[in-house]
Amino acid sequence: MTRRDYLYLHFSGIISLLVSACKHEPEIKPEPEKPKVPPLKTLEISSIIPDEAIAGENLTVNFKAENIKNVKVELINKKIYALETNIIESTIGFYKFQLPMVFEKDSLFSIKLSGDGLESIKENIKTQYKIPPLKTIEILKIEPQEAIAEDMLGLFFKTENIKTVLIELRNKKGDLLEIRNVESEDGFYLLSLPGKFEPDDLLSIKITGDGVIVTKENIPTFNVLKINTEDYPELKMLGGFQKLSLTKGDIWLKRVATNEMKAFSGQCTHAGCGIDFLKSDNLFYCSCHGSKFSSDGLVLNGPASSPLNQYNCKFVKDGVFELIY
Ligand code: FES
């Protein structure tokens with residue numbers, strides 16, 4: 001080896017040592033791991049609406065829940081008896097439920113929310129009953145007080161907290177004569193009556209609504225008969241008499257004046273026998289026991305002691321009257 005070769009090898013070794021020294025990287029130590037902070041969880045009842053629980057009505061629980069997935073809501077009464085239990089998503093922030101209809105007397109109850117090991121309780125919530133509105137129907141009056149066939153009957157009634165009512169008319173036997181479903185607000189209803197009533201019939205009115213029933217019974221009924229004196233020559237003359245045989249029995253008509261007609265029951269007031277008019281004596285006579293009545297129906301001879309019953313006979317126009325019987 002020449003001196004030149006020796007020097008070359010010597011310097012190249014030094015250079016390679018320097019290069020390798022420049023390439024060396026310092027060792028990086030890993031930083032210690034920070035401990036993980038768990039997310040904060042909160043659960044809190046903020047309010048209930050209304051403050052006092054009303055049986056059968058809604059109650060809303062407003063609450064705050066953070067980082068809790070599910071919240072269990074429980075209603076518990078004073079005796080620690082669960083009234084309602086439910087699992088709800090906490091993100092809603094409120095829970096609305098309907099309270100049981102019946103609370104025990106002086107009962108208190110609690111609302112408990114729980115979730116992820118947290119609890120929030122609101123205790124001693126007062127309970128109360130809501131008194132349902134009073135529902136009433138009252139018949140004030142009927143006009144006229146005696147029902148006249150083919151006429152109108154004004155029924156005055158009042159209701160409270162009942163929207164519609166059903167009105168039924170029935171006769172004495174209970175047959176349905178008319179039925180109407182009406183709004184109760186005005187409390188007045190005009191009823192058109194059926195054209196004819198049976199002898200001694202009575203009308204009953206029944207009003208029902210929302211489970212309330214009121215009735216008015218034993219309303220006397222009357223029929224109407226048009227009398228045209230053209231059909232009864234006797235009645236064309238003042239003081240003339242005419243017997244009519246009708247469903248309610250015999251009726252005697254007496255023409256009193258141009259615009260006045262009297263109508264007498266054909267039944268004796270002693271024991272109910274039929275009477276006759278004796279034109280020659282100008283009086284009514286009962287052949288059963290001899291009672292006599294004047295041409296105006298007053299007692300002349302007993303045993304009858306009461307005058308003859310009379311019916312209303314209205315003047316309509318010349319020669320025309322309406323007998324209400
Ligand atoms: S029933 Fe007429 S008098 Fe006796």
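Trainee: Which residue stands opposite E168 in β15?
Mentor: Quick heads-up: this is a predicted model, so local features need pLDDT of at least 70, side-chain atom pairs count only at pLDDT 80 or more, and totals for chains, interfaces and linings use all residues. Residues are numbered from 1 along each chain as its sequence is written. A strand here is a DSSP run of E with at least two residues, numbered from the N terminus, and two strands pair if DSSP finds at least two bridges between them. Strand β12 (residues 164–170) pairs with β15 in the antiparallel sense over five bridges, and the β15 residue opposite E168 is K206.

Trainee: What is the bridge partner of L203 in β16?
Mentor: β15 pairs with β16 (residues 212–222) too, antiparallel, over seven bridges. The two form a hairpin with two residues between them, and D210 in the turn has a positive phi of about 50°. Across from L203, the partner in β16 is I219.

Trainee: Which are the edge strands of the open sheet of six strands?
Mentor: Its order is β17-β26-β25-β20-β19-β18, with antiparallel pairing. An edge strand pairs on one side only, which leaves β17 (224–228) and β18 (241–246).

Note on methods:
Helix = DSSP H or I, 4+ residues; strand = E, 2+ residues; numbered from the N terminus.
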